[in-house]
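Let us take a walk through a protein model together, stopping at a few residues along the way. Have the sequence and the 3D view ready, and look up each residue as we come to it.

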Amino acid sequence: KMVAINLTAPFHTTRLAIKEMKERGWGRIVNIASDLGLSGAINKVPYVATKHGVVGMTKAVALEVAGSGVTCNAICPGFVLTPLVRPQVEAIMKRDGVTFEEAKTKLLSGQPTGEFVMPSEVAALVAMLCGDEAKQITGSALVIDGGGLAQ
């Protein structure tokens with residue numbers, strides 16, 4: 001199921017959209033990978049493998065469409081405060097008997113800013129990549145992780 005959602009879905013979405021984008025001479029493909037698409041983590045092999053696949057696919061597609069007016073990039077966020085992440089914080093709260101802030105600190109121990117990436121920050125990066133000003137940004141894996149991968 002994880003491969004279907006994280007890798008197969010963006011593959012087929014790209015495959016189905018790319019022909020028309022190339023015919024128009026303009027298009028923007030922005031895949032959502034993860035900071036774990038550029039690194040690794042214990043006990044997360046399936047997730048890490050699919051996100052590495054998204055980054056690799058992004059680079060290959062960017063090369064295939066180079067010069068056509070179509071760009072392809074991946075955003076690699078760290079922990080984003082979403083409904084999928086909130087249960088992880090709550091599990092730490094329950095397991096360790098700590099507050100939300102203390103659990104957040106534990107979860108984000110590898111993110112130097114100590115703060116979640118907000119969905120609006122990811123959306124702003126997507127919007128920038130979709131603009132004409134980003135026509136030379138292609139094949140990139142853009143990290144937005146509070147400095148986690150800078151370590």
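The count of salt bridges here comes to six, where a salt bridge is a side-chain nitrogen of Lys or Arg within 4 Å of a carboxyl oxygen of Asp or Glu. Before we visit some of them, a word on the model: it is predicted, so local features need pLDDT of at least 70 and side-chain atom pairs count only at pLDDT 80 or more, while totals for chains, interfaces and linings use all residues. Residues are numbered from 1 along each chain as its sequence is written, and side-chain values use heavy atoms, with hydrogens and water left out.

Start at D96. This residue forms a salt bridge with R95, and their closest N and O atoms are 2.7 Å apart. Are these residues buried or exposed? Buried means under 20% relative accessible area, exposed means over 50%, and partly exposed lies in between (1.4 Å probe, protein chains only). D96 has a relative accessibility of 29%, so it counts as partly exposed, whereas R95 reaches 60% and is exposed.

D96 has another partner as well: K106 forms a salt bridge with D96, with 2.8 Å between the closest N and O atoms. This pair links distant parts of the chain, for K106 sits in helix α4 (residues 100-107) and D96 in helix α3 (residues 86-96), 10 residues apart. Helices (H or I, at least four residues) and strands (E, at least two) are DSSP runs, numbered from the N terminus. K106 is partly exposed because its relative accessibility is 43%.

Next, find E115, which forms a salt bridge with K104; here the closest N and O atoms are 3.0 Å apart. E115 is partly exposed, with a relative accessible area of 43%, but K104 is buried at 7%. Through shared partners, salt bridges join R95, D96 and K106 into one network.

Now turn to T58, in helix α2 (residues 45-65). With a relative accessible area of 1%, T58 is buried. Which side chain does the side chain of T58 meet in a polar contact? The partner is N31, at 2.9 Å. A polar contact is a pair of N or O atoms within 3.5 Å; within protein, one must be able to donate a hydrogen and the other to accept it, and residues adjacent in sequence count only if both atoms are side-chain atoms. A polar atom of the T58 side chain also lies 2.7 Å from the backbone oxygen of V54. Setting aside neighbours within four places in sequence, T58 is in contact (heavy atoms within 4.5 Å) with N31, C72, N73, A74, G139 and S140.

Another buried residue is A134, whose relative accessible area is 0%. A134 belongs to the loop between α5 and β3. Not counting residues up to four places away in sequence, A134 touches T71, M128 and L129. The C-alpha atoms of A134 and I29 are separated by 12 Å, and these residues are 105 residues apart along the chain.

Our last stop is V143, found in strand β3 (residues 141-144). V143 is partly exposed, with a relative accessible area of 38%. Together with L38 and L149, V143 forms a nonpolar patch on the surface, with about 210 Å² of accessible area. Patches are made of residues with over 30% relative accessible area and no salt bridge, with like charges joined within 9 Å and nonpolar side chains (Val, Leu, Ile, Met, Phe, Trp, Tyr) within 5 Å. The accessible areas come from the Shrake-Rupley method with a 1.4 Å probe, and for residues only the protein chains shown count as cover.
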